[in-house]
Amino acid sequence: MEGVLVRKIKKICVFCGANSGKDVAFVNAAFHLGKVLGKRKIDLVYGGGKLGLMGCVSTAVAQHERQVLGIIPSAFTVNNLVGETCGKEIKVATMQERLVMMMELSDAFIALPGGFGTLEELFQMISWAQLSIHNKPIGVLNINGFFNGLLSFVDHAVKHEFITPRARKILISATTADELVDKLQAFRFEPDPALSKLKWSPSSSQKEKLDLTLRL
């Protein structure tokens, strides 16, 4: 990355499945991502618990002596539904509160294979970046082509002018963890001149309710 100004990333939020998927490559990649984060001295923010790929990546990060923070809705903790979080845990009331806290406490975001919840989290972060609510890099780890269809669809939406070329740059992809982290560190946010003028409520860290209900 010679000649490239590197963004300082201390905490990465990982979105991924609470299932392991049918391909063992997904599990191996989740453990490897945790190992890469550990070696690069990057802490983990995730959705809490120990199920599926979420458990794999959090365990690997903890094994490499980096901090792990699970942000989990209280409903999921009833009857130990998702298992014990590997590290510190913060309980929140709603899914939306969880996602806002993830955004505020993280420097970048990575999506591993997952289902509807993972896709919701990924696209919520992308739409918030498009609205200039945050300017943090977002990427998918495209293991064995898992995200090929999604990336093709996004390009299809660009072709039909529902997503601008500028907004398309928000979503980064790579096939290896090291390559993806390198791309996140090199990311340069290009705000939309019109959307960047929008005024948003103060963050919850200032003890004000953050209104992020607008979705595209």
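The following legends describe close-up views of a predicted model.

**Figure 1. Overall architecture of the protein chain.** Seven helices and seven strands make up the secondary structure, and their order from the N terminus is β-α-β-α-β-β-α-β-α-β-α-α-β-α. Of the 216 residues, 44% are buried. Among contacts with a separation of 6 or more, 71% involve residues 24 or more positions apart. The chain exposes about 11400 Å², of which carbon and sulfur atoms supply 55%.

Figure 2. Helices α4 (116-130) and α6 (165-168) each contribute at least two of the lining residues. By class, five residues of this lining are nonpolar, two polar and three charged.

**Figure 3. The second largest pocket.** This pocket has a volume of about 330 Å³. Its lining comprises 25 residues, and Cys 16, Ala 18, Met 54, Phe 76 and Arg 98 lie nearest the centre. Strand β1 (11-15) and helices α3 (95-105) and α4 each supply at least two lining residues; α4 gives the most, with five. The lining divides into twelve nonpolar, nine polar and four charged residues.

**Figure 4. The salt bridge between Asp 182 and Arg 40.** The closest N and O atoms of this pair are 3.0 Å apart. The bridge links distant parts of the chain, with Asp 182 in helix α7 (residues 177-186) and Arg 40 in the loop between α1 (24-39) and β2 (43-46), 142 residues apart. Asp 182 is partly exposed, at 25% relative accessible area, and Arg 40 is likewise partly exposed, at 27%.

**Figure 5. The salt bridge between Arg 66 and Asp 43.** The two side chains meet at an N to O distance of 3.1 Å. Because Arg 66 lies in the loop between α2 (52-63) and β3 (68-73) and Asp 43 in strand β2, the pair ties together parts that are 23 residues apart in sequence. Arg 66 is partly exposed, with a relative accessible area of 25%, whereas Asp 43 is buried, at 9%.

Figure 6. Glu 179 pairs with Lys 183, their closest N and O atoms being 3.5 Å apart. Both residues belong to helix α7 and are separated by four residues, about one turn of the helix. Glu 179 is partly exposed, with a relative accessible area of 33%, as is Lys 183, at 34%. Salt bridges with shared partners also join Arg 40, Asp 178 and Asp 182 into one network. The structure holds seven salt bridges.

Technical notes:
Residues numbered from 1 in each chain as written. Predicted model: local features only at pLDDT ≥ 70, side-chain atom pairs only at ≥ 80, totals over all residues. Heavy atoms only, no water. Nonpolar A, V, L, I, M, F, W, Y, C, P; charged D, E, K, R; others polar. 1 Å grid on protein atoms, 1.4 Å probe; cavity = no way out; pocket = protein on both sides within 12 Å on 5 of 7 lines; lining within 4 Å. Points joined across faces, edges and corners; volume = space filled by probe spheres on them. Buried < 20%, exposed > 50% of the residue type's maximum accessible area, 1.4 Å probe, protein only. Contact = heavy atoms within 4.5 Å. Areas by Shrake-Rupley, 256 points an atom, 1.4 Å probe, with all protein chains shown as cover. Salt bridge = Lys/Arg side-chain N within 4 Å of Asp/Glu carboxyl O.
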